Amino acid sequence: MERYFQPEIERASREEIVRIQNEKLVKQIKHVWEDLPYYRKKMMDAGVTPDDIKTIDDIKKLPFLSKADLRDAYPYGMLAKPLKDCVRIQSTSGTTGKRVVAFYTQHDLDLWEECCARAIVAAGGTNEDVCQVAYGYGLFTGGAGLHGGSHKVGCLTVPTSSGNTERQIMFIMDLKATILCCTPSYAAYLAESMKEMGYGPDDIPLKAGIFGAEPWSEEMRHNIEEMLGIKAYDIYGLTEISGPGVSFECSEQRGMHINEDHFYAEIIDPDTGETLPEGSQGELVFTCLDKEAFPMIRYRTRDICVLTREKCSCGRTHVRMRKPQGRTDDMLIIRGVNVFPSQIETVLLNQGYAPNYQIIVDRVNNTDTFEVLVEMTPEMFTDNIGAIADRQAKLSAGLLSMLGIKAKVSLVAPKTITRSEGKAVRVIDKRKV
Ligand code: DLL
């Protein structure tokens with residue numbers, strides 16, 4: 001039987017959701033106009049005042065915020081509450097430029113943790129569960145968010161943080177952990193390590209996994225589910241909007257329900273900024289309807305996604321987002337063709353490989369080179385050159401048919417590609433250096 005953490009809001013009628021969104025947006029825009037000079041200036045430049053915002057449909061009149069604005073305003077320029085009201089920061093691991101520093105009041109932490117609690121309950125979690133949180137603790141939002149959510153559900157929370165794989169496995173087995181929260185790539189690594197230690201799916205006490213923070217394919221989901229003997233649920237979020245739990249999967253597992261009483265989602269054309277109709281693929285944009293300290297308005301996530309309001313059999317009424325297809329900035333353009341790492345992963349897993357791969361792009365004589373390093377599994381490992389060449393050719397053909405361009409495939413020995421305990425590094429693009 002489907003359970004909910006906050007049934008009255010998770011199953012609210014569309015009219016009720018729109019009523020809440022209208023009310024919260026009007027209040028939020030007054031708040032940023034009065035308390036966030038950075039955004040007031042943007043509104044003035046766009047010729048909009050709080051009087052123009054009466055319902056959620058008026059949101060289109062408001063200017064966007066982007067990562068560049070956050071860099072511009074670093075560190076305190078996007079803070080909309082006095083410091084005395086703020087109790088926490090979290091921050092991204094950002095690879096370029098300044099980090100994003102997000103601020104939280106106690107109210108902001110509570111709503112974020114409630115969103116994570118909704119996700120845990122949707123994955124079957126109750127106060128009888130032992131929930132091991134193997135996302136990184138510290139500045140990263142993964143550990144803190146799921147930890148808070150697990151407390152709210154009343155699970156016995158095991159705050160292992162990421163890394164120390166042997167200890168993770170010891171706690172899973174000894175404490176009989178039933179829910180595992182970590183990145184999908186770390187879940188795959190844990191599964192691989194447990195298999196090597198001789199644990200089959202029936203020996204492992206886990207029943208559910210809550211995996212997110214990076215793109216992962218359906219094939220990878222099936223792989224992890226089989227090896228750990230669990231049901232694996234996707235969870236999405238980003239530091240700027242709060243962290244994990246912006247959206248999450250229910251038992252139906254066909255898209256993630258966005259907590260739209262707190263976060264209003266739009267899909268826009270990334271080139272023109274125009275709002276696209278439901279069902280179109282484009283860039284996901286979020287507005288925080290009731291966060292106080294760091295209220296992002298029309299924040300451009302760069303995640304490429306599709307929204308649907310089709311009825312969901314789980315009973316939740318909140319809009320669903322499809323698994324992000326990639327990011328506008330993670331998308332590789334190789335010889336003019338758009339390539340997402342997730343497409344490559346799909347081909348590999350369909351041909352029986354584990355999700356241990358690396359994509360290396362370079363430019364030689366003005367032409368892009370495109371190589372995919374793929375680890376053989378221990379079962380397929382061989383020193384028979386002919387057999388390896390056959391496998392490489394088959395993979396290369398699979399990639400060509402998926403992507404429309406040819407990749408050089410190099411099979412490497414098991415365990416030669418570095419494993420990740422957090423977000424996996426899949427792409428090495430040497431063209432940028
Ligand atoms: O990754 C928050 C999070 C922690 C989500 C734990 C889920 C679980 P950031 O480090 O700010 O925050 O990175 C946010 O990661 O814009 C997406 O591109 C990507 N991302 C997050 N979840 C998913 C997912 C956290 N389920 C960025 N599928 C986002 C695909 C995801 N990409």
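Contact means heavy atoms within 4.5 Å. Helices (H or I, at least four residues) and strands (E, at least two) are DSSP runs, numbered from the N terminus. The model is predicted: local features need pLDDT of at least 70, side-chain atom pairs count only at pLDDT 80 or more, and totals for chains, interfaces and linings use all residues. Residues are numbered from 1 along each chain as its sequence is written, and side-chain values use heavy atoms, with hydrogens and water left out.

Stay on H10, residues 341-350, where 8 of the 10 residues are buried. Buried denotes under 20% relative accessible area, exposed over 50%, and partly exposed in between (1.4 Å probe, protein chains only). Beyond the helix, select Gly352, which follows H10 and has a positive phi, near 90°.

Ser396 counts as buried because its relative accessibility is 10%. Apart from residues up to four places away in sequence, Ser396 touches Lys406, Ala407 and Val409.

Now display the largest nonpolar core, which has 71 residues; Leu62, Leu146, Ile241, Phe263, Leu284, Phe286 and Met296 touch the most other members. Helix H5 (residues 106-122) contributes the largest share of this core, 10 residues. A nonpolar core is a set of buried Ala, Val, Leu, Ile, Met, Phe, Trp, Tyr and Cys residues joined through side-chain atoms within 4.5 Å. Centre the view on Met296: leaving aside neighbours within four places in sequence, Met296 is in contact with Leu65, Leu70, Met78, Glu240, Ile241, Phe286, Thr287 and Cys288. A second, separate core holds 25 residues, including Ile169, Cys182, Ala188 and Met194.

Finally, zoom out to the whole protein chain, whose secondary structure comes to 11 helices and 21 strands. Along its principal axes, the C-alpha trace spans about 75 × 60 × 40 Å. Buried residues make up 54% of the 433 residues. Of the contacts with a separation of 6 or more, 67% join residues 24 or more positions apart.
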